[in-house]
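Hi everyone, thanks for coming.

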Amino acid sequence: MIGRISGILLEKVPPQLLVDCNGVGYEVDVPMSTYYNLPHTGEKVVLFTHQAIREDAHLLFGFGTASERALFRQLIKITGVGARTALGILSGMSVADLAQAVTLQEAGRLVKIPGIGKKTAERLLLELKGKLGADIGIVGGGAPRDDTQADVMNALIALGYSDKEALLSTKNLPEGASVSDGIKFALKALSKG
C-alpha cells in the first residue's frame, strides 16, 4: 500500500498530478482543496495517499493533509459514495465544514456540492454522525477553537446533551475562560435556549 509520496511535481492538470519519485512518475488524483495549495511545477511536493486496487485499474489519490485522507477513507466506506464522489465532496467543503455540517445535521450544505442529491446527503449525515470527529481528530464532530472549548463540549456530551447542543452552546465562550467557567457559561446558554 502506498501511504505517502514525496517527489517533484511534473504536471498539474485538474484533478490529476504527475509526481516524479526517483525516476518513477505517479499519476495522482487530488481534490481541489489540495490542488489549490500545490507548489509550482518543478518543485518538491509531499502528499498523503490512498491506493485503490480494482479489477481494471490501480488508482492513487493524494491529499495535502492526513485529515483529508482520513475523511476520504470514511466517505468511500459509505454505500453509494465512490472515490470520485468523495473527491467532489472534499473539493466542495473543508474537513472542518463537513464535520460541522454533520454535527448540526445540515443536509442543505451538502446538497450544494455538485453530484450530491438529497438522498446521498441524508445518507452521509447518518453514516458520518458519531464517526467523523474521532477518526479525523475533531472533537465532537465540530471545530473547537481551542482545548478549553473541546473540554467543555466533551463535558456537555457526557452530561447527555447532543453534539449539536454542545457545539452551539460553546460558540460564544469568553476568551481565557477556564473549563469549569466554560461549563457554567454553556449550561446557562442551554437553559436560556
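Which residues are linked in a network of salt bridges? Before I answer, keep in mind that this is a predicted model. The network is made of Asp97, Glu106 and Arg109.

Let's go through it pair by pair. Arg109 forms a salt bridge with Asp97, and their closest N and O atoms are 3.9 Å apart. That pair links distant parts of the chain: Arg109 sits in helix H5, residues 107-111, while Asp97 sits in helix H4, residues 95-104, and the two are 12 residues apart. Arg109 also has a salt bridge with Glu106, where the closest N and O atoms are 2.9 Å apart.

Asp97 is partly exposed at 33%, and Glu106 is partly exposed at 28%.

The count of salt bridges in this model comes to 4. Another one of them joins the side chains of Arg54 and Asp56, at 3.2 Å from N to O. Here Arg54 is partly exposed, with 46% relative accessible area, whereas Asp56 counts as exposed because its relative accessibility is 63% and the cut-off for exposed is over 50%.

Strand S1, residues 4-13, runs antiparallel to S2, and 5 bridges join them. If you want to find one, the bridge partner of Ile8 in S2 is Asp20. S1 and S2 form a hairpin, with 2 residues between them.

S2 also pairs with strand S3, residues 24-29, again in the antiparallel sense, over 6 bridges. In that pairing, Gln16 stands opposite Asp29. S2 and S3 form a hairpin too, with 2 residues between them, and Asn22 in the turn has a positive phi of about 55°.

Which side chains of S2 point to the buried face? They are Leu17, Val19 and Cys21.

My last stop is Asn37, in the loop between helix H1, 32-35, and strand S4, 44-53. Asn37 is exposed, with a relative accessible area of 66%. Its side chain reaches the backbone oxygen of Ser33 at 2.9 Å. The C-alpha atoms of Asn37 and Gly64 are separated by 7.7 Å, although the two residues are 27 apart along the chain.

That's my tour, and I'm happy to take questions.

Notes
Residues are numbered from 1 along each chain as its sequence is written. This is a predicted model: local features need pLDDT of at least 70, side-chain atom pairs count only at pLDDT 80 or more; totals for chains, interfaces and linings use all residues. Side-chain values use heavy atoms; hydrogens and water are left out. Buried means under 20% relative accessible area, exposed over 50%, partly exposed in between (1.4 Å probe, protein chains only). Helices (H or I, at least four residues) and strands (E, at least two) are DSSP runs, numbered from the N terminus. Two strands pair if DSSP finds at least two bridges between them. A polar contact is a pair of N or O atoms within 3.5 Å; within protein, one must be able to donate a hydrogen and the other to accept it, and residues adjacent in sequence count only if both atoms are side-chain atoms.
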